[in-house]
Amino acid sequence: AAEAVDGSPPPPEPQAQAPAAPQPPIVPPPDSDSEPASDDDDVDERGDRALSIALVWLLRGSIVLTAIVVPLVIAAGTIVGLKYRKRMRRLRADDPTERIRGAWASATDALVDAGLRIDASATDSEIAFQATTMVPLASPALRRLAVLSSSATFGAPPHLDLLAQDAIACLGSVDQAIVTARTRWQRVRWRLSLRSLRPATRSPLSD
């Protein structure tokens, strides 16, 4: 036993350790920005795209509509402006006789725009009688205005200034009767009619 203890083999020599194998690089965790888009993000993106397309079409439609509406508005304004200037020139004449004749001429223009055809040889009374069949409500004002016009043209009635005011009031009654007898669309067509401006269809009293 003592020999066994004394004769124990010497400890082995330390072996040279092999170098440690290189460790693979540590991959950092992916950033939150590079994460795949969720379903909510896809829905938002599609919604934004649809909104952009809708805005583009809305803009195009507005441009087309403007290109159509603006010329129509300009044309309508021109027609109404020409008629207004002609009427105001007649009704603001310095001579009361001209104002009376101007009120009658404006009344015939309104009747022509409403569809009345007036012969070049028709007298004032004939025009009034013909117009009453088309606008019955204007019959008293038309007859009175025709008498005033004939008196101012072929006679010398007194108080011409008062008669001119009466003629202008009769003209307003004729306009009101024409408006009352028509629907809204018919009133628009009457306002924008070119019959009183065309040489072939205008009133023979128009200047």
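These notebook entries record what I looked up in one protein structure.

**Entry 1: The whole chain**

I noted at the outset that the model is predicted. I then looked up the secondary structure, and the protein has 7 helices and 0 strands. Read from the N terminus, the order of elements is α-α-α-α-α-α-α.

I next looked up how much of the protein is covered. Of the 207 residues in the protein, 28% are buried. The accessible surface amounts to about 14700 Å². Carbon and sulfur atoms account for 61% of that surface.

I also looked up the contacts between residues at least 6 apart in sequence, and 65% of them join residues at least 24 apart.

**Entry 2: Salt bridges**

How many salt bridges does a search of the whole structure find? The search gives 6 salt bridges.

I began with Asp109 and Arg90, which form a salt bridge whose closest N and O atoms are 2.8 Å apart. Asp109 belongs to helix H3 (residues 96–113) and Arg90 to helix H2 (residues 39–91), so this pair ties together parts that are 19 residues apart in sequence. Are the two partners buried or exposed? Asp109 has 7% relative accessibility and counts as buried. Arg90, at 5% relative accessibility, counts as buried. The reasoning rests on a cut-off: a residue is called buried because its relative accessible area is under 20%.

I turned to Arg101 and Asp124, whose side chains meet in a salt bridge with an N to O distance of 3.2 Å. This pair links distant parts of the chain, with Arg101 in helix H3 and Asp124 in helix H4 (residues 124–132), 23 residues apart. Here I recorded that Arg101 is partly exposed at 23% relative accessibility, whereas Asp124 is buried at 10%.

I then looked up Asp166 and Arg144, and their salt bridge has its closest N and O atoms 2.8 Å apart. Asp166 is in helix H6 (residues 160–180) and Arg144 is in helix H5 (residues 139–154), so the pair ties together parts that lie 22 residues apart in sequence. Asp166 counts as partly exposed at 25% relative accessibility. Arg144 is partly exposed as well, with a relative accessible area of 36%.

I selected Ser149, which has its place in helix H5. Its relative accessibility is 0%, and Ser149 therefore counts as buried. Which residues is Ser149 in contact with, leaving aside its neighbours within four places in sequence? They are Ile100, Arg101, Trp104 and Asp124.

Thr153 is partly exposed, its relative accessible area being 36%. The C-alpha atoms of Thr153 and Glu98 are separated by 8.9 Å, although the two residues are 55 residues apart along the chain.

I looked up Ala177, whose place is in helix H6. At 6% relative accessibility, Ala177 counts as buried. When residues up to four places away in sequence are not counted, Ala177 touches Val135, Leu137 and Ala138.

I then asked how two packed helices are described. For H6 and helix H7 (residues 184–191), the axes come within 9 Å and cross at roughly 135 degrees. The two helices are therefore oblique to each other. Which residues meet where H6 and H7 pack? Asp175, Ile178 and Val179 in H6 meet Arg187, Trp190 and Arg191 in H7.

**Entry 3: A nonpolar patch**

Val64, Leu65, Ile68, Val69, Leu72 and Val73 make a nonpolar surface patch of about 560 Å². I followed up one member, Val69, which is found in helix H2. Val69 has 36% relative accessibility and counts as partly exposed. Helix H2 also contains Arg90, the partner of Asp109.

Terms used. Residues numbered from 1 in each chain as written. Predicted model: local features only at pLDDT ≥ 70, side-chain atom pairs only at ≥ 80, totals over all residues. Heavy atoms only, no water. Salt bridge = Lys/Arg side-chain N within 4 Å of Asp/Glu carboxyl O. Helix = DSSP H or I, 4+ residues; strand = E, 2+ residues; numbered from the N terminus. Buried < 20%, exposed > 50% of the residue type's maximum accessible area, 1.4 Å probe, protein only. Contact = heavy atoms within 4.5 Å. Patch = residues over 30% accessible without salt bridge, like charges linked within 9 Å, V, L, I, M, F, W, Y side chains within 5 Å. Areas by Shrake-Rupley, 256 points an atom, 1.4 Å probe, with all protein chains shown as cover. Axes fitted to C-alpha atoms, helices over the stretch in contact; angles between N-to-C directions. Parallel < 35°, antiparallel > 145°, perpendicular 65-115°, else oblique.
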